[in-house]
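Q: Could you walk me through the ligands and the aromatic rings in this one?

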Amino acid sequence: MIFVTGGAGFIGANFVLEWLSGSDEAVVNLDALTYAGNLQTLSSLQGDDRHHFIHGDICDRAQLDRLFATHRPRAVVHFAAESHVDRSIHGPAAFVRTNVEGTFTLLEAARAYWSALDPIQRDAFRFLHVSTDEVYGSLGPDDPPFAETKAYEPNSPYSASKAASDHLVRAWHHTYGLPVVTTNCSNNYGPYQFPEKLIPLMIVNALAGKRLPVYGDGRNVRDWLYVADHCAAIREVLARGRPGETYNIGGWNEMTNLDIVRTVCGLLDTLRPDPAGPHARLITYVTDRPGHDRRYAIDARKIERELGWRPAETFESGIAKTVGWYLEHGEWVANVQSGAYRDWVARQYGSGDEGRG
Ligand code: NAD
Ligand code: TYD
């Protein structure tokens with residue numbers, strides 16, 4: 001079985017759902033169910049014996065030790081993190097706690113378990129750390145995209161905490177021999193993304209006739225990766241990535257924020273026309289994010305060369321699927337926004353309870 005952390009969040013839940021639709025290998029899914037974690041996303045797995053959901057914290061070493069001893073995973077896929085740059089600016093402490101201390105605690109628990117495995121299992125074990133392109137800093141318009149050899153230059157509390165976690169993962173390989181692989185990917189989009197991030201926020205606001213807040217001049221550039229493509233890349237790295245290596249994962253889709261927002265508006269104009277006028281009328285320029293990185297771009301040639309992975313979706317196909325998904329899942333959006341679902345989780349789980357499916 002594999003041990004996933006953060007599997008009730010956006011990318012982790014997509015990963016778990018796809019994993020179990022293509023494999024009978026069971027998943028232990030540890031998630032603290034912060035505001036970003038949502039069990040409703042995993043409701044199709046209710047009663048499925050292959051999915052063991054554990055409500056818990058990656059900073060809790062005793063619980064991690066119990067999980068490793070009970071479930072004896074062959075691999076860890078580590079998604080759990082505080083992930084939103086704007087939140088990291090307002091409250092960096094949670095980012096240092098989960099992303100740095102949590103990754104450290106998970107590495108130590110994994111090392112203790114791995115050290116006691118027999119030699120064949122030790123060789124086969126993997127610790128896959130999911131990280132971000134934001135650790136590399138900001139690019140100028142003509143700079144080459146981020147390769148795995150690019151020096152780290154994190155600029156936000158979020159990216160600094162992820163950079164710190166990447167360094168710990170690297171050191172646990174070089175010092176202790178733990179068979180780690182790290183992936184650094186670009187901006188994901190797709191189903192089940194919490195509507196605080198750019199694309200789902202714009203879809204949800206546009207549908208509600210609310211303003212579409214674009215930071216600064218809207219010309220910041222990101223590379224956009226459809227979440228199912230990211231999950232496929234992670235499966236490849238888990239299966240065939242070389243221990244100690246880093247793989248950059250990108251969509252080959254550099255776009256300005258303004259182009260993203262206009263594309264979303266255009267799709268909504270077709271699929272859900274607003275009698276009040278084109279959705280782009282709602283675009284509003286707002287004060288820029290402090291320290292806002294200008295451009296991210298990923299050179300994803302290494303993973304293609306070594307593992308044969310390339311994204312399957314273009315931005316056009318991925319964004320059409322994403323907008324369609326949000327139009328069909330208004331209830332999911334309403335629940336994560338209202339907090340009603342979180343209240344339910346508090347009543348249902350309290351703290352520290354564990355459940356299956
Ligand atoms: P997310 O915020 O949607 O989900 C994070 C999950 O981790 C949530 O379910 C949350 O409850 C859980 N979590 C938070 N703190 C925890 C703790 N202390 N213990 C256990 N669980 C905890 O994030 P996401 O967008 O799914 O990102 C997943 C990973 O991918 C993160 O490591 C992030 O840094 C990385 N990443 C994300 C993107 C992106 O565009 N979303 C891009 C590059 C890298
Ligand atoms: P975001 O989805 O927060 O991802 P990240 O900052 O990790 O790349 O933001 C993507 C881009 O969109 C980023 O340049 C900030 C910008 N943005 C806005 O212009 N308005 C918004 O309301 C949000 C959330 C983001």
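**Rings and ligand shells**

A: Gladly, and since this is a predicted model, a place to begin is W332, which is buried, with a relative accessible area of 6%.

Q: And W325, buried or exposed?

A: W325 is buried, as is W332, and the two form an edge-to-face aromatic pair, with 5.5 Å from centre to centre and 75 degrees between the planes.

Q: How many aromatic pairs does the structure hold?

A: There are 20 aromatic pairs in the structure. In one of them, the rings of Y192 and W332 have centres 5.8 Å apart and planes at 70 degrees, and because planes over 60 degrees apart count as edge-to-face, this pair is edge-to-face.

Q: Where in the chain do Y192 and W332 sit?

A: Y192 is in the loop between β7 (187–189) and α7 (198–207), whereas W332 belongs to helix α12 (residues 330–338), so that the pair links distant parts of the chain, 140 residues apart.

Q: Which residues do ring pairs link into a cluster?

A: F3, F68, Y113 and F125 are joined into a cluster by ring pairs.

Q: What about charges over rings, say R87 and R122?

A: R87 lies over the face of Y35, at 3.4 Å from the ring centre, while R122 places its charged end over the ring of W114, 4.3 Å from the centre of that ring.

Q: Switching to ligand 1, how many residues surround it, and which are closest?

A: Ligand 1 is surrounded by 28 residues, and the closest are I11, D31, S83, Y158 and K162.

Q: What polar atoms lie by ligand 1?

A: For oxygen atoms of ligand 1, one is 2.7 Å from an N or O atom in the side chain of Y158, and one lies 3.0 Å from a backbone N or O atom of F10. A nitrogen atom of ligand 1 has a polar side-chain atom of T98 at 3.0 Å.

Q: How much of ligand 1 does the protein bury?

A: The protein buries 96% of the 830 Å² that ligand 1 exposes when taken alone. The elements giving two or more residues to its shell are α1 (10–22), β5 (126–132), α6 (157–176) and β7, and the largest share, three residues, comes from β5.

Q: How does that shell divide by residue type?

A: The shell around ligand 1 divides into 13 nonpolar, 12 polar and three charged residues.

Q: OK, now ligand 2: which residues come nearest?

A: Of the 17 residues around ligand 2, the nearest are E134, P213, R222, R289 and H292.

Q: How much of ligand 2 does the protein cover, and which elements give two or more residues to the shell?

A: On its own ligand 2 has 510 Å² of accessible area, of which the protein covers 96%. The elements that give two or more residues to the shell around ligand 2 are α7 and β8 (212–215), with β8 supplying the largest share, three residues.

Q: And the residue types around ligand 2?

A: The shell around ligand 2 consists of seven nonpolar, five polar and five charged residues.

Methods:
Residues numbered from 1 in each chain as written. Chains lettered and ligands numbered in written order. Predicted model: local features only at pLDDT ≥ 70, side-chain atom pairs only at ≥ 80, totals over all residues. Heavy atoms only, no water. Phe/Tyr/Trp six-rings, centres within 6.5 Å; stacked < 30°, edge-to-face > 60°. Helix = DSSP H or I, 4+ residues; strand = E, 2+ residues; numbered from the N terminus. Buried < 20%, exposed > 50% of the residue type's maximum accessible area, 1.4 Å probe, protein only. Lys NZ or Arg CZ within 6 Å of the ring centre and 35° of its normal. Near = heavy atom within 4 Å. Polar contact = N/O pair within 3.5 Å; in protein donor to acceptor, adjacent residues only side chain to side chain. Areas by Shrake-Rupley, 256 points an atom, 1.4 Å probe, with all protein chains shown as cover. Nonpolar A, V, L, I, M, F, W, Y, C, P; charged D, E, K, R; others polar.
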